[in-house]
Amino acid sequence: MTIRTPLTAPERLARMEQNILRFRHLPRYCPVPESVNKGRISICGFGPSLLDTWQEVKGARVMSTSGAHDFLIGKGVIPKYHVEMDARERKAEFVRRSHPDVTYVINSTCHPTLFELLLARCRKVVMWHSYTDDDMANQIQLVERLDRGLGLLGGGSNVGVRAFIVARGFGYRAFEGYGLDCSYRGDVQWAGAHYSKK
């Protein structure tokens with residue numbers, strides 16, 4: 001069985017260009033100097049173990065990814081940041097409970113619907129850029145041309161892994177991970193309702 005990635009390399013470049021130009025007014029992700037140390041942050045994915053561990057992040061600085069956003073807000077835990085990088089339009093469903101105290105750190109490859117939804121609700125949105133190994137040179141050239149001086153973050157295709165890199169750029173130097181299972185618990189893949197196929 002072949003699983004198609006959400007975007008081909010040319011589609012990804014076109015999406016990045018579209019979003020960079022369309023949302024030019026948004027602040028951009030700029031890493032802080034290495035000397036900055038904001039301490040610890042808890043990074044929460046939406047794996048099944050989050051059902052058992054979410055209470056451990058109460059009172060902590062939290063960075064959510066994917067469905068962990070609405071799950072945590074539903075439990076009264078407001079993330080400081082939410083990171084997205086998935087290009088599929090349905091990812092907008094994961095921020096139905098968007099909150100004014102959350103900074104949404106949205107990748108330039110994300111669907112414009114996600115940006116539009118958050119901006120329509122007057123949320124704080126920061127755009128960041130990533131690269132993929134299949135077309136890294138063209139992605140770097142595009143960002144250099146349209147968003148000169150900004151870097152692109154590597155780290156694989158999993159937003160949970162990239163969230164650690166994003167958090168480090170924000171100045172955090174100690175990390176805790178929750179719900180970053182990428183595995184099953186019986187037939188359960190996530191900590192709650194998910195908009196992807198199993």
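Visitor: What does lysine 91 form a salt bridge with?

Guide: Lysine 91 pairs with glutamate 84, and their closest N and O atoms are 3.7 Å apart. A salt bridge here is a side-chain nitrogen of Lys or Arg within 4 Å of a carboxyl oxygen of Asp or Glu. This is a predicted model: local features need pLDDT of at least 70, side-chain atom pairs count only at pLDDT 80 or more, and totals for chains, interfaces and linings use all residues. Residues are numbered from 1 along each chain as its sequence is written, and side-chain values use heavy atoms, leaving out hydrogens and water.

Visitor: Are lysine 91 and glutamate 84 buried or exposed?

Guide: Both lysine 91 and glutamate 84 are buried. Buried is under 20% relative accessible area, exposed is over 50%, and partly exposed is in between (1.4 Å probe, protein chains only).

Visitor: How many salt bridges does the structure hold?

Guide: There are 10. One of them joins the side chains of glutamate 17 and arginine 145, at 3.8 Å from N to O.

Visitor: Which parts does that pair tie together?

Guide: Glutamate 17 is in helix H1 (residues 9–22) and arginine 145 in helix H5 (residues 136–146), so the pair links parts 128 residues apart in sequence. Helices are DSSP runs of H or I with at least four residues, numbered from the N terminus. Glutamate 17 is partly exposed at 30%, while arginine 145 is exposed at 53%.

Visitor: Switching to cysteines, how many disulfides?

Guide: The count is 0, a disulfide being a pair of cysteine sulfur atoms within 2.5 Å. Cysteine 44 is buried at 0% relative accessibility, and cysteine 122 is exposed at 67%.

Methods: Helix = DSSP H or I, 4+ residues; strand = E, 2+ residues; numbered from the N terminus.
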